[in-house]
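Please keep the sequence and the model in view while reading.

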Amino acid sequence: MSNFHPYALRSRTPFGGRVVNRRSFLALAGVTAASSVALTACAGTGSNSTQGGDGKTITWWSSHPGQSKATEQELINRFQKKFPDLKVNLVDAGKNYEECAQKFNAALSGGDLPDVVMLSDVWWFNFALNKQITPVEDVAQKAGIDTSTFVKSLYEDYNLDGKHYAMPFARSTPLFYYNKDMWQKAGLPDRGPESWPEMDEWANKLKGVIGDAKAHGWGNAVDYLSWTFEGPMWTLGGAYSDGWDMKFTSPGTIKSVEWLKSTVSKDGYASISQSIANDFSAGLYTSAIASTGDLSGILGNSKFNVGTAPLPNPNGTGGCPTGGAGLAIPSGIDDERKVNAAKFINFITNDTNTAYWSREVGYMPVRTNAANDPEEKKFLQEHPNYQTAIDQLPHTRSQDNARVFIPGADQKIGGAFESILVNGDNIESTMGRLQSDLQQAYESQIKPKLKG
């Protein structure tokens with residue numbers, strides 16, 4: 001899920017997290033609201049004409065998640081070696097998924113469209129709903145794509161009315177990261193907690209050995225708090241929605257947010273970070289929930305032994321959401337460009353290349369046979385932290401509609417949590433406003449376009 005960046009250090013709170021004050025939070029909220037409004041307003045306003053162009057040059061817009069630009073370029077080199085008549089132009093489309101989606105949205109209003117665009121879990125749906133990206137089924141046969149070889153749960157995340165509007169690429173789940181050295185010092189078993197109440201107990205043991213560090217860190221709204229807390233919320237009895245039925249004010253959800261707030265209270269053991277992967281690597285937290293896409297960066301930057309574990313799943317109903325990004329093809333380009341774009345996506349996600357991508361960056365392999373790749377087998381034996389996400393995949397759940405399908409909901413949910421945790425805003429009233437806001441967005445922007 002994450003777009004990992006080595007942010008420069010800033011001033012910190014006494015509890016180890018970066019300073020987040022009300023002014024900076026409100027500034028973030030204003031930018032986020034403006035971005036989502038702009039995206040919604042522009043969606044569907046592009047020209048109905050089809051763009052031609054150089055059919056032999058594939059332009060790929062990416063935000064290079066997980067510091068992956070060099071790895072992306074290697075995939076391009078492999079493709080161009082196999083298909084020497086085709087050239088791929090890699091374009092920096094922003095520093096994160098949001099900026100990439102906003103750039104694409106702007107191009108839909110009359111700019112030059114890419115051939116391939118990276119769209120995250122919270123962005124593809126709106127473009128698909130407005131018919132601005134191409135169903136894979138429309139180009140699969142001509143491009144030689146066997147969609148049955150994709151990991152089914154990852155491919156089905158792009159299903160709208162029986163058609164699929166992206167192919168999985170930088171797919172991730174949250175992982176529980178922990179500092180093995182501190183775990184051992186505190187006398188804890190070498191594993192993640194099996195439930196969040198168990199983590200509450202472990203935090204008391206950690207307090208005695210970690211000094212100024214915090215036992216756990218939560219990412220802020222920009223660091224996808226609404227995603228990394230979704231799994232804990234499920235196992236604590238809450239949800240964002242059940243289908244399109246909003247659940248932000250349900251007793252289970254309120255209870256789960258109360259627990260979240262308790263972890264960052266004066267007597268709690270956690271705090272909010274503005275760069276959770278970096279702060280965990282720096283030793284400011286002894287555990288954190290972050291993306292599989294952060295794995296390579298965390299391992300490379302940490303001075304201690306890092307452990308990874310699945311998110312607690314005490315009820316056996318799935319305590320971890322899928323996430324990350326797929327690659328989509330604009331519907332507004334001509335057929336030659338669409339087929340070549342699909343051919344490119346198919347190649348860089350084949351068994352060998354998705355395994356390479358996973359080893360280099362940390363995202364999950366997206367093809368079912370990737371685990372049979374000899375290099376992948378050897379790598380996973382030598383680097384068990386990378387195996388955790390693969391083992392966790394059968395226990396994941398598709399995300400709640402309210403987060404991933406309503407424009408801007410990711411940041412609105414994360415922003416509501418931040419206002420509760422950082423500014424002390426009332427839980428019931430904040431969650432009530434959030435429910436009303438997202439219900440209205442669903443009624444006006446999505447419901448009229450859904451079939452049935």
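Apart from its neighbours within four places in sequence, Thr-352 is in contact with Arg-78 and Asp-373, where contact means heavy atoms within 4.5 Å. Thr-352 has its place in helix H15, helices being DSSP runs of H or I with at least four residues and strands being runs of E with at least two, numbered from the N terminus. With a relative accessible area of 44%, Thr-352 is partly exposed; buried means under 20% relative accessible area, exposed over 50%, and partly exposed in between, with a 1.4 Å probe and protein chains only. The C-alpha atoms of Thr-352 and Ala-371 are separated by 9.3 Å, although these two residues stand 19 residues apart along the chain.

This is a predicted model, in which local features need pLDDT of at least 70 and side-chain atom pairs count only at pLDDT 80 or more, while totals for chains, interfaces and linings use all residues. Residues are numbered from 1 along each chain as its sequence is written, and side-chain values use heavy atoms, with hydrogens and water left out.

The buried residues are Asn-353, Thr-354, Ala-355, Tyr-356, Trp-357, Ser-358, Arg-359 and Val-361, and what covers them includes H2, strand E6 (167–172), helix H13 (295–301), helix H14 (335–348) and H16. After H15 comes Gly-362, whose phi is positive, near 120 degrees.

Two packed helices are described by the angle between their axes and the distance between the axes. Here the axes are lines fitted to C-alpha atoms, for helices over the stretch in contact, and the angles run from 0 to 180 degrees between N-to-C directions.

| Helix pair | Angle between axes | Axis distance |
|---|---|---|
| H2 (residues 69–82) and H15 (residues 351–361) | about 160 degrees | 10 Å |
| H15 and H16 (residues 374–382) | about 25 degrees | 9 Å |
| H11 (residues 251–263) and H20 (residues 427–446) | roughly 125 degrees | within 11 Å |

Angles under 35 degrees count as roughly parallel, over 145 as roughly antiparallel, 65 to 115 as roughly perpendicular and the rest as oblique. H2 and H15 are therefore roughly antiparallel to each other. H2 passes H15 in a right-handed crossing; a crossing is left-handed if the near helix is turned anticlockwise from the far one by less than a right angle, and right-handed if clockwise. In this contact, Thr-71, Glu-72, Glu-74, Leu-75 and Arg-78 of H2 meet Thr-352, Asn-353, Tyr-356, Trp-357, Glu-360 and Val-361 of H15. By class, the contact of H2 with H15 has four nonpolar, three polar and four charged residues, where Ala, Val, Leu, Ile, Met, Phe, Trp, Tyr, Cys and Pro count as nonpolar, Asp, Glu, Lys and Arg as charged, and the others, Gly among them, as polar.

H15 and H16 pack at an angle of about 25 degrees, and that makes H15 roughly parallel to H16. Their crossing is left-handed, and the contact is made by Ala-355, Ser-358 and Arg-359 of H15 together with Glu-375, Glu-376 and Phe-379 of H16.

**Helices H11 and H20**

H11 and H20 are oblique to each other, and H11 passes H20 in a right-handed crossing. Thr-253, Ile-254, Val-257, Glu-258 and Lys-261 in H11 meet Ile-427, Glu-428 and Met-431 in H20, and these residues divide into four nonpolar, one polar and three charged.

**Single residues elsewhere**

Cys-320, found in strand E14 (residues 320–321), is buried, with a relative accessible area of 1%. Beyond its neighbours within four places in sequence, Cys-320 has contacts that include Thr-173, Pro-174, Trp-234 and His-395. Tyr-224 lies in the loop between strand E8 (216–219) and helix H9 (225–228); its phi is near 65 degrees, a positive value in a residue other than glycine, and Tyr-224 is buried, with a relative accessible area of 4%.

**The chain as a whole**

The secondary structure of the chain comes to 20 helices and 16 strands, and buried residues make up 59% of its 452 residues.
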